[in-house]
Amino acid sequence: MTVYLSLAGVLFLIGLHGFFTARNLLRRLLALNVLTTAVFLLFVVMARLAEPLDAVPHAIVLTGIVVTVSTTAVALALLVRIAGRMRDEDTDPAAGPRGGAG
Amino acid sequence: MIPGTAGPVVLFSLPLAAAIVVFIRPRWSVPVTLGTGAVLLAVALWLVGVVLQQGGWRQDIGGWTAPLGIGWNVDGLSATMLLLNAAVGLAGAAFHAARPAPPATARDPRFFWPLWLFLWGGLNALFLAADLFNVYVALEFVSIASVGLIGLVGGSAQAAAWRYLLATLLGSTIYLLGVALLYGRYAALDLALLAEGVEPDLVTAVAAALMTLGLLLKAAIFPLHFWLPAAHGRAPPAVSAVLSAVVIAAGYYLLVRLWFGPFAPLLGTGVATLLGLLGAAAVLWGGLLALMQRHLKMLIAYSTVSQFGYGLLVFPLVAAGAAHPAWAGAVMLVLAHGLAKAALFLAAGAIILRHGIGRLEALGGDQRGAVVAWVAFAVASASLVGLPPTGGFVGKWWLAQAALASGGYFWLAVLMLGTAFTAAYLWRALQAAVEPGWESGGEPPTLSPALGLGALLLALSAAALGLAAPLIARLLDAGPGVSG
Amino acid sequence: MSTAQWIGGLMVLAGIPFFLLGTLGLLRFPDVYTRLHALAKADNVGLGLVCIGLGIQSASVTLLLKLVLIWVLMLIASATAAGLIARTALARGLRPWGT
Amino acid sequence: MGTAGVIFDGLLALALVWLAWQATRAADLFHAVVSFIVFGLLMALAWVRLEAPDIALAEAAIGAGATGALLLSALDRLVTREGRRTVLYEPGAAWGFWIPAGAALLGALTLAAWKLPAPGLGDEVLASLGASGVDHPVTAVLLNFRALDTLLEIGVLLLAAVTIWSLGRAPSPLVPVMPSPALPALGRLLFPVFVLVAAYLLWRGSHAPGGAFPAGAVLGAGAILMLLAGARPWIRSSEHGPWRWILSLGLAMLLAAGIAGTVMGQAFFQYPPGTAGPLILLLEVAAGLSIALLLFALYLRGEPCEHGYRGSGP
């Protein structure tokens, strides 16, 4: 189990590092997903260490995976819209920022 | 069965059910939302009454007790927050329903209503939750709904929504890591159960640090506030109101729950002072930046950063032994801030609709159609600054009493200085009303009087909180702070 | 050890070189088309041998059928994927090696 | 576990670390995304090694499958027609606070994680399993002991779909880049298999790893595959069709099950005695159907057309 506990630690480090150093937005999202996986791994390792095998962390991680795919989907949809807007502004300098406050 | 257990069921289920109805039948949106809001407000008021009479309780879900099952926590603190959510939710919905139809060229926010009700339900779930993982799911629920609502107007608001989403997701992940450690240490996720068994050891300390960090990020406490002003400043007015008044308060609410619940044994002078210093820095830095804003909504958004700093002052004051007045004062301030801040954002929304622009120097001149909004703005400002007899005054008074009783003169100074800042930036905003401004020439747009009215009602209730102070002190005795 | 176990074990062992060669081909062959060829040929045979070998070892007909079903599904998937990759490569104007 | 097991775990861990590093650091975005998808697939292996087959199923179907499809299709939109990649950078924020804080926390975290006693709730789960109406502990936790979490989770999925709809119309219609005769044939061939596997997983959930989430994910993945194979997105946002009903079905059923307990004078979400088993199966069917459709809706990246697509618009 030490292997997986260390793996969780290393993945957490990679995710954190990626999140703070990556400047590309999609990459930052990937790093966040790696980070979440590390946390899930910690839960499951604890379930495996418990005697007998503990089902509660399994249920927690299942819930977590579905929540993560939802947040990732929202983030990606938002990203595609932002990219589309930036592209419009790139090609058409007259198109200023639309909307705004109010 | 305790009389009152039906209350949380209604508060939890009704907004979600209404969200489904509104999603399936958009044309019923406005009546369904307003009707739901009225019921929720009534139930929340009734719940406050029940808690006043018989104290708080915990109610199991599915008939399973902790540690296996999860439960809801009803006490003075959660009832207060549920009431705040209902009041702001209803006022915001009324404002959004009464706003003039957007021009045909603008994006039509078709999905405002289901998102609004989802946010409402998520916040209620959060305030009721007594289980750390249930809190995580509710936090994500609230985050997605907030992101959707911020992004509704399109344009640069979507970039702000993205930054908010990333910050808040990072916060939840860090929080969840803390939850994992606590579960590994104690095999429990229930707040009450943890509070009984927690020992001040390394694992608990690390878990506490992680969860606090995650929640500080979500509550936008200095120096983790960077995402807030853009998100709150660019969202539609009703959305800004609920985000600043309730969503931020939710992060703070969880901090209070944790530190006066399971983590109470860890709340030494060092930790408390650190949190207090963060709060002090937030009060001053947020105040300073608010003073420098040129856009009305950005000014109010920075004010949120500043005002939640006061909330953190509760930790050093409680650690120094002045538990009762400090605790009641901080919660009172959060409540008064919520009502007043929502009033400010709604009033600002009405004022900006009237003038067509949000820059401070453009808001003067002819105020026909915006008088009620300006009155609401002034009353809310009075509460935010802390003029007697408003709720803001009582909250600050209690905090000051606590500081005097425990010899915390530094915190008293922060309180005073912050008040001076608040007065200064709100005065700037109010002054803009009476200056000449930019005359557009044409007739002012006709606005529904309901726009300003909701803001006025919220502002008046913030002010009236001061009169209800004894009642609120008694209500909060049923909270977790008594043991602190 | 029973005969079935011996036969199954030998089939699994026989399957492994196909995977090795397929991977080698993926790494060493000159272009997309030849790499696809190496992968698809070697992995499909390798996987088939491993699946059937394991099925025989398990001495259970249902399990053997399930493993064969896995193999068949993998065959369909890899054939389609290889076809898509090759078509995309052709459409992008990649010329097969040697032409 | 034996030496072979340890070596396998070590290699798996190394591969996962390398893939995670590639996913966050690779110079090419496509490379990063593909690394992340493979990372998800290998994580499924790790879950199996950790005796968590339910999570392995969910990770393979949702974590790697659905997320992978989402990432790839988003990547496709982030690349302009001319092949120029949209620059999606934002200025670095003030991370000066984070780096020392993160390092300090990580050190303490490693130390803390090694000292965890991990008592677990295994005994409590087994003790109450008999009264839960199902035989599989994970399903019992998901749909009975912690059913409130599951309700909120389905709520999160629906909310995410509504949020994505609120951002604007779906780019319509999604024509496959490279039409291939094999792909539609594959879609037609495999779709019944997807339905079959989903139904099997759903039925299995009451006594073995499986259940609504993997089943819904498999069905959703099948639907996405059909879309890739050239099928028109048949889902409509019209108020009159059945789609909004089916999307909300899971959340509505769970809410109804919760409220029913209160109405009958019991606790919220308390199933009437003796009915827990069939009720949970019913909830799983509703939840699985909603999950499949919601995952599909997430993939469309916007509100689908109200009344169907006419011609092949831009």
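**Contacts between chains**

Chain A and chain B meet through 27 residues from chain A and 32 residues from chain B. The model is a predicted one.

*Chain A with chain B*

- On the side of chain A that touches chain B, the elements that give two or more residues are α2 (25–49) and α3 (55–91) of chain A.
- The largest share of this side, 12 residues, comes from α3(A).
- Sorted by class, the side of chain A that touches chain B holds 17 nonpolar, seven polar and three charged residues.

*Chain D with chain A*

- Here the contact takes 73 residues from chain D and 59 residues from chain A.
- Seen from chain D, at least two residues each are supplied by α1 (2–25), α2 (29–49), α3 (53–78), α4 (98–114), α5 (122–129), α6 (137–145) and α7 (147–166) of chain D.
- With 13 residues, α3(D) gives the largest share of the side of chain D that touches chain A.
- That side of chain D is made up of 46 nonpolar, 15 polar and 12 charged residues.

**Backbone geometry**

*Cis peptide bonds in chain B*

- The peptide bond that runs from B:A66 to B:P67 is cis, and its omega is near 10°.
- B:P67 sits in the loop between β1 (57–60) and β2 (71–74) of chain B.
- B:P388 and B:P389 are also joined by a cis peptide bond, with omega about 5°.
- The loop between α15 (371–385) and α16 (391–405) of chain B contains B:P389.

*Positive phi in chain D*

- D:E51 has a phi near 60°, a positive value in a residue other than glycine.
- This residue, D:E51, belongs to the loop between α2 and α3 of chain D.
- D:E51 counts as partly exposed because it has 13 C-beta neighbours inside 10 Å, and a residue is exposed at 12 or fewer and buried at 20 or more.
- D:F269 has a phi near 70°, again a positive value in a residue other than glycine.
- D:F269 is placed in the loop between α10 (243–263) and α11 (276–300) of chain D.
- D:F269 has 29 C-beta neighbours inside 10 Å and therefore counts as buried.

Note on methods. Residues are numbered from 1 along each chain as its sequence is written. Chains are lettered from A and ligands numbered from 1 in the order in which they are written. This is a predicted model: local features need pLDDT of at least 70, side-chain atom pairs count only at pLDDT 80 or more; totals for chains, interfaces and linings use all residues. Two residues are in contact if their C-beta atoms, placed from the backbone, lie within 7 Å. Helices (H or I, at least four residues) and strands (E, at least two) are DSSP runs, numbered from the N terminus. Ala, Val, Leu, Ile, Met, Phe, Trp, Tyr, Cys and Pro count as nonpolar, Asp, Glu, Lys and Arg as charged, and the others, Gly among them, as polar.
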